[in-house]
Amino acid sequence: KSGNVRRATQDLDIDFINEEINASKMFLNNNSKKSFVATTFDLYDLMAKEFNLNHSFAYYIKRDTDFIHESILKEDVNINAIFVGLGKTNTEILKNVIINNQFVKLTNNKYKTSEVNYYLYDENKNRLNSKLIQNLLNNFDLESLNKNDYFDLPEKVANIKDVECINVKTKEFINDLNNKFSSSSDYTFIFIGLSSPLENASIAKELMLKLKFKNKVIFYNIDNKSDDILSMKNNNLIPYGFKNEMIKSSIITNDSLIEKAQKIDDSYNSIALENSSFYKKPIYEQLSSLYNAISLKMRLNLLGLDLNKNGEKVNEEEFFKDYINYNENDNNYNSYLTSSMKMTICYIEHLRWNSLYLLNGFMPMSKEEYNNRFNTLQSSIQKDYINKKHACIASYTGLDEYTKYRISLDTNIDNLSENELLNKYNVYVYDFISIKDIYKKEIFDNNEYIVKIGEIDERL
């Protein structure tokens, strides 16, 4: 109690039915005139975020010249993700896994996206007809757009290879998987979320025993950590979900994650010359910083590093010299378009950003739409949150088109040089900001550090 303000917490069992809220317990009685603030959350979203904060595909992939080198996948390496069961938990996990696990390859010194191959199976056909899966199958209808009207359109965020209603508890299903994934250069991640925790664990154990291909990790959904009966015996079997343990203030509010997101947002403000606080920004900009913070683990894992309280620490000088090969004086526009670790990091981060916006219902903004906004607005020209359009939803090279198009509209009353104009409108800097400022802004917990992680055999 502080003055006339009383602070308390109360668990409410709330169901969302026809957009109305029915609460089985009321915080205040009907006669009270006092006001209160309720914080709502999506349980399955919490579970998905917790998963990505603790796991990335990159963590489990061997970082050597045969698989991944300097954060780039080798040409013959494929990453596969198999989802067995597409209920509420796995559907949200699928969405977040797509956002968080983007990869690139380098062919003839040219970057290209390397989409994860997704295989989606369920015994319930209706679950396979969700809006999410249909959007992924149709690639958000991007192919229907006239390419000439847009900056170079974004790459696919996921490669949906198979969607099938099938009984996964059969010998035929296992044989089919063994036939599909026989390459020794593949990495395959399997998510079991079909029904009860006991059955999920049983299916996971059987698949681990009967699937013949190497380089696989099987995640299985359980309600409580105490239900874990497999991972102590086999490190390739990893539980996730923990539905019954999500209702904790430390997980719901997750002050540590919010603090990281705010620090990333502060770095963004310093470039964009904005002054608005994190919570006063549009929700999608808050989400952008939040998912940027979540994906730090994946980007560090690609470098052979992690955020942890244990392990061999990497200091700032070593990080930028040995891992990033970054010189803070080399920040000109063309450095973001020249093959380097910096460009790799920016390319992957932009793929993640594109995925986040497309999976949240945004579409690219056409040049005509951009022109109309340019003629009527003073700021935020490139982003239209009402109609869910954004000019930067484009390929990595499309950002270069966008930047030069924006320069063509500049009257240049300050007589800036070409390089100065490029640097003025450079949007690539936002894709590098959280890595560039990771030490300066201390974008990690007080009790964690950037540490080296061992080779795969030490971790699995």
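Which residues does Lys383 touch, not counting residues up to four places away in sequence? They are Tyr268, Glu274, Glu285, Met365, Arg373, Lys389 and His390, where contact means heavy atoms within 4.5 Å. Please keep in mind that this is a predicted model, in which local features need pLDDT of at least 70, side-chain atom pairs count only at pLDDT 80 or more, and totals for chains, interfaces and linings use all residues. Residues are numbered from 1 along each chain as its sequence is written, and side-chain values use heavy atoms, with hydrogens and water left out.

**The chain as a whole**
- The protein chain has 17 helices and 17 strands; these are DSSP runs numbered from the N terminus, with helices (H or I) of at least four residues and strands (E) of at least two.
- Of its 460 residues, 50% count as buried; buried means under 20% relative accessible area, exposed over 50%, and partly exposed in between, with a 1.4 Å probe and protein chains only.
- Among contacts with a separation of 6 or more, residues 24 or more positions apart account for 73%.

**Lys383**
- Lys383 sits in strand β15 (residues 383–384).
- With a relative accessible area of 6%, Lys383 is buried.
- Tyr370 is 13 residues from Lys383 along the chain, and their C-alpha atoms are separated by 8.8 Å.

**Helix α9 and its partner α1**
- Most of α9 (residues 283–294) is covered, as ten of its twelve residues are buried.
- The buried residues of α9 include Glu285, Leu287, Leu290, Tyr291 and Ile294.
- The twelve residues of α9 should span 16 Å at 1.5 Å a residue, and its end C-alpha atoms are 16 Å apart, which agrees; the expected span is 1.5 Å times one less than the number of residues.
- The axes of α1 (residues 43–54) and α9 come within 9 Å and cross at roughly 40°, which makes α1 oblique to α9.
- For these angles, under 35 degrees counts as roughly parallel, over 145 as roughly antiparallel, 65 to 115 as roughly perpendicular, and the rest as oblique; axes are lines fitted to C-alpha atoms, for helices over the stretch in contact, and angles run from 0 to 180 degrees between N-to-C directions.
- On the α1 side, Asp45, Lys49, Asn52 and Leu53 meet Leu290, Tyr291 and Ile294 of α9.
- By class, this contact has four nonpolar, one polar and two charged residues; Ala, Val, Leu, Ile, Met, Phe, Trp, Tyr, Cys and Pro count as nonpolar, Asp, Glu, Lys and Arg as charged, and the others, Gly among them, as polar.

**Helix α5**
- Phe173, Ile174, Leu177 and Asn178 are buried in α5 (residues 171–180).
- Seen down the axis, the buried residues of α5 fall within an arc of 135°, so they line one face of the helix; the arc is that of the directions from the helix axis to the C-beta atoms.
- These buried residues pack against β5 (78–84), β8 (117–122) and α6 (197–210).
- Turned away from the buried side, the other face of α5 carries the exposed residues Lys171, Glu172 and Asn179.

- Asn159 lies in β9 (residues 159–165) and, at 19% relative accessibility, counts as buried.
- Leaving out residues up to four places away in sequence, Asn159 touches Glu115, Val116, Asn117 and Tyr118.
- In the loop between α4 (131–137) and β9, Asn139 has a positive phi of about 50° although it is not a glycine.
- Asn139 counts as buried at 8% relative accessibility.
- Asp141, found in the loop between α4 and β9, has a positive phi of about 60° without being a glycine.
- Asp141 is partly exposed, with a relative accessible area of 45%.
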